[in-house]
Each structure stands twice: as C-alpha cells, then as structure tokens.
Amino acid sequence: MRRDLFDETHEAFRDSFRAFVRAEIEPYHEKWEAEGRVDKEMFRAAGEKGFLGMAVPEEYGGMGEPDFRYNVIISEELQRANVIGSGMCITLHNDIVLPYLLTATTHEQRARWLPGMVTGETMGAISMTEPGAGSDLASIRTTATPDDDHYVVNGSKTFVTNGLNSDLVVVAVKTDPEQRHRGISLLVVEEGTPGFTRGRRLRKIGLHSQDTAELFFDDARVPAANLLGEPGTGFTTLMRNLAQERLALSVSAISGARAVLDWTIAYCRERTAFGSRLSSFQNTKFVLAELTTATEVAQVYVDHLVRRHLAGEVEAEDAAKAKWWTTELQQDVVNRCLQLHGGYGFMQEYPVARAFLDARVQTIYAGTNEIMKEIIGRSIDSPARGDRG
C-alpha cells in the first residue's frame with residue numbers, strides 16, 4: 001500500500017534511525033531481554049544522534065521540530081526490527097513523557113529539565129497506576145502534602161515503564177485527598193530525592209528488556225518548584241496528553257501488525273507442506289487476504305489521525321477509537337499469523353512468537369480497551385455531539 005504521510009525529509013530520518021537500530025539496538029537486544037533492562041548508553045547515543053526530544057525548542061537544546069511523524073517513524077522502525085521492548089524507552093520518553101514537560105511547565109522548569117531530555121542524560125517516565133488504582137485515576141491514594149517549600153509524598157506506584165532506568169518521573173498525586181479528579185496534581189520526582197526508592201523489576205510475559213518497576217514514596221521531600229501547573233489541575237493535564245499517548249499506541253499497534261504480517265507472508269512463501277508452498281493453499285490465501293485488507297484499512301485511519309493531530313484536531317474519542325481498534329486488530333493478526341507458522345510459531349527464535357508475547361499488553365495499558373469503549377460511548381451519548389461526523 002502506498003502512503004503519502006511522509007516526505008523526503010521524513011524518509012531520510014527513517015534511514016538514519018533504521019541504521020541506529022541496526023547498530024545500537026539489534027546486536028544487544030537478546031542480552032537486554034535476558035537482563036530485563038537496556039543499557040542507558042544506548043539511550044544517550046539516541047540523544048547524540050538527534051532521536052530524542054525532537055519537539056523541544058532550540059533554546060532548550062532541541063530541534064524545535066514538533067512534527068509527530070518523526071515519532072511515528074521511530075515506532076514503525078522498532079516494530080519492523082522486532083525490538084520494541086528495547087526501544088520503548090525512546091518512544092515513552094518522546095511520545096508520552098515529553099509533552100508534559102513542554103506544555104505544563106514554566107520557563108525555569110523547561111530550562112532545568114529539557115536539555116537533558118534531548119541529550120539522553122535524562123530519561124523520563126510517568127507514574128499513574130497504583131496497586132489499587134489503574135484506569136480509575138481518581139482513586140489514586142499517593143498523597144503530596146505541602147510543607148514549606150516542599151511537598152511530602154507518601155504512597156506507591158506500579159507498572160512504571162522506565163521505572164528503573166529513569167532519571168525523572170512525572171508522578172500523579174493527590175494534593176487534596178478529599179477530592180477525586182480535582183484533587184490530582186502532577187509532581188516531577190528526580191533521582192536522589194530523599195524518601196524516593198525503586199522496588200523490584202516486575203517480571204512480565206513480554207517486553208522483557210523494557211524495565212517495568214514499582215516506585216515507593218516514604219515521606220519523600222519533593223521541591224514545590226517541581227509541581228507541574230497549579231495544584232488540582234493534574235487530571236485535566238493527564239486527559240489532554242492521553243490523546244497523544246493513545247494515538248502513539250495505535251501507531252505502534254498497526255506497525256506491529258504489519259511487521260508480523262510481512263514476516264508471515266515471507267514464511268508462507270518459503271515453507272512447504274504436502275509438496276506445495278503454504279502460500280498456495282486456499283486457507284492461507286484467505287487468511288492473508290483478510291489480514292492484509294484489515295491492516296491496510298486501519299493504517300489509512302491511523303495516518304488520517306496523525307494528520308489531524310498535526311493540526312491539533314484529535315479529540316479524546318478519536319484516539320480512543322484508534323487505540324481500541326488497532327490493538328484488537330494487532331491481537332488478531334499476531335494470533336492468526338502464529339497459527340500459520342504451525343509449531344514454529346511456538347518457538348521463541350521465530351519473531352512471531354516474541355511479537356505474540358510483546359503485543360499482549362497493548363489492549364491493557366494507556367487505559368484498557370473497555371475504558372476506550374466507555375469514552376467512545378460517552379461521546380456518542382453527549383448532547384454536545386449534535387450532527388458532528
């Protein structure tokens with residue numbers, strides 16, 4: 001399928017990042033999968049090559065290039081190489097953490113944090129989920145109590161991506177525990193903060209090289225100067241930035257689905273059964289026809305939303321639709337492609353097996369797909385919708 005989303009500059013960027021993945025990630029991916037985290041030297045190398053913080057203004061050391069299509073290319077290339085676990089430290093940093101530091105910060109905060117976010121000296125993370133609160137953010141219990149020029153933070157977080165390697169964590173806290181959404185604020189907690197500790201590396205069924213951890217706050221003293229925005233505005237900020245996060249996941253999902261489909265088509269052309277290539281059997285043709293059509297249709301929709309995002313026009317329900325549809329499609333593609341591999345699909349040395357495990361979380365994080373349907377349903381039921389198409 002021909003796409004018209006990118007121009008020559010984007011494709012030159014793709015070539016550069018593909019070369020970076022080949023040199024700096026692929027040779028070490030298996031090692032990092034076994035160790036449960038990447039070497040931060042790779043992350044710093046990404047900064048040196050210009051693959052971090054592209055949207056950061058030049059006055060803070062960035063390229064001043066907010067074009068989200070560069071983020072899309074990074075995600076597509078990581079999926080194509082089947083190293084998304086090792087590369088997720090980059091996509092989370094760029095797609096999810098950085099927008100908070102670009103839109104909800106003062107000049108002093110940007111000058112303090114953004115240069116390191118560009119060079120790779122500072123790896124970002126975001127911490128919302130708690131042991132007893134997942135998609136229901138209003139139920140978080142981690143508190144931040146004012147004390148002179150600090151906040152005293154108590155509580156715990158879990159499922160934190162970049163949880164071990166990060167140098168800076170955007171943490172959702174309750175500055176007013178009596179309130180639900182209106183009591184949520186965002187604090188930036190930096191490495192070395194007294195009372196802030198990292199727990200164990202969580203063992204997952206997939207994405208092994210992407211470090212996921214627990215975080216603990218025991219009377220952690222965080223400077224009040226690290227508050228993002230005003231107290232009580234955290235939930236609004238989270239909702240605003242979750243649209244891009246969910247769009248980024250849609251990009252990752254459809255890229256992952258297309259990569260698995262490409263590997264499977266190649267496998268079916270080479271593998272024989274009963275003296276014929278697998279691709280010559282009617283069942284194989286029908287399955288591949290269905291999956292090819294579905295992924296191409298979904299790709300068109302995602303590319304459409306990327307364009308709308310560039311114009312600042314993507315709304316919460318748009319991103320929810322894309323996140324739900326593409327991640328469910330990815331599950332279907334990976335599952336059916338694994339079946340076409342037969343017994344080899346169950347072997348970890350085959351890329352489809354790893355993709356099967358790595359992709360499973362896609363329907364869960366950034367809000368489960370059940371929550372996505374709730375968001376979409378509310379928008380349909382809203383009187384403000386009118387005749388909007």
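Colleague: Leaving aside neighbours within four places in sequence, which residues is Thr161 in contact with?

Modeller: Contact means heavy atoms within 4.5 Å, and by that rule Thr161 touches Met88, Leu92, Ala125, Gln210 and Asp211. This is a predicted model, in which local features need pLDDT of at least 70 and side-chain atom pairs count only at pLDDT 80 or more, while totals for chains, interfaces and linings use all residues. Residues are numbered from 1 along each chain as its sequence is written, and side-chain values use heavy atoms, with hydrogens and water left out.

Colleague: Is Thr161 buried or exposed?

Modeller: Buried means under 20% relative accessible area, exposed over 50%, and partly exposed in between (1.4 Å probe, protein chains only). Thr161, which has its place in strand β3 (residues 150-161), counts as buried because its relative accessibility is 13%. Helices (H or I, at least four residues) and strands (E, at least two) are DSSP runs, numbered from the N terminus.

Colleague: How should I read the bend in α6, and where does α6 bend?

Modeller: The bend at a residue is the angle between axes fitted to the seven residues ending there and the seven starting there. In α6 the bend is about 35° at Trp113, and a proline, Pro115, follows within four residues. The buried residues of α6 include Trp113, Leu114 and Gly116, and the buried residues of this helix pack against elements including α3 (40-48), α5 (84-103) and β1 (124-127). After α6 comes Gly120, whose phi is positive, near 95°.

Colleague: What makes a salt bridge, and how many are there by this rule?

Modeller: Side chains of opposite charge can pair when their charged atoms come close. A salt bridge is a side-chain nitrogen of Lys or Arg within 4 Å of a carboxyl oxygen of Asp or Glu, and the count comes to 24 salt bridges. In one of them, the side chains of Asp303 and Arg3 meet at 2.9 Å, N to O. That pair links distant parts of the chain, with Asp303 in helix α8 (residues 282-310) and Arg3 in the segment before α1 (8-25), 300 residues apart. Asp303 is buried, because its relative accessible area is 6%, whereas Arg3 is partly exposed at 24%.

Colleague: How far along helix α2 are Glu35 and Lys31 separated?

Modeller: An α-helix has 3.6 residues a turn, so residues three or four places apart point the same way. Glu35 and Lys31 are four residues apart in helix α2 (residues 29-35), so they are separated by about one helical turn. Glu35 forms a salt bridge with Lys31, the closest N and O atoms being 3.0 Å apart.
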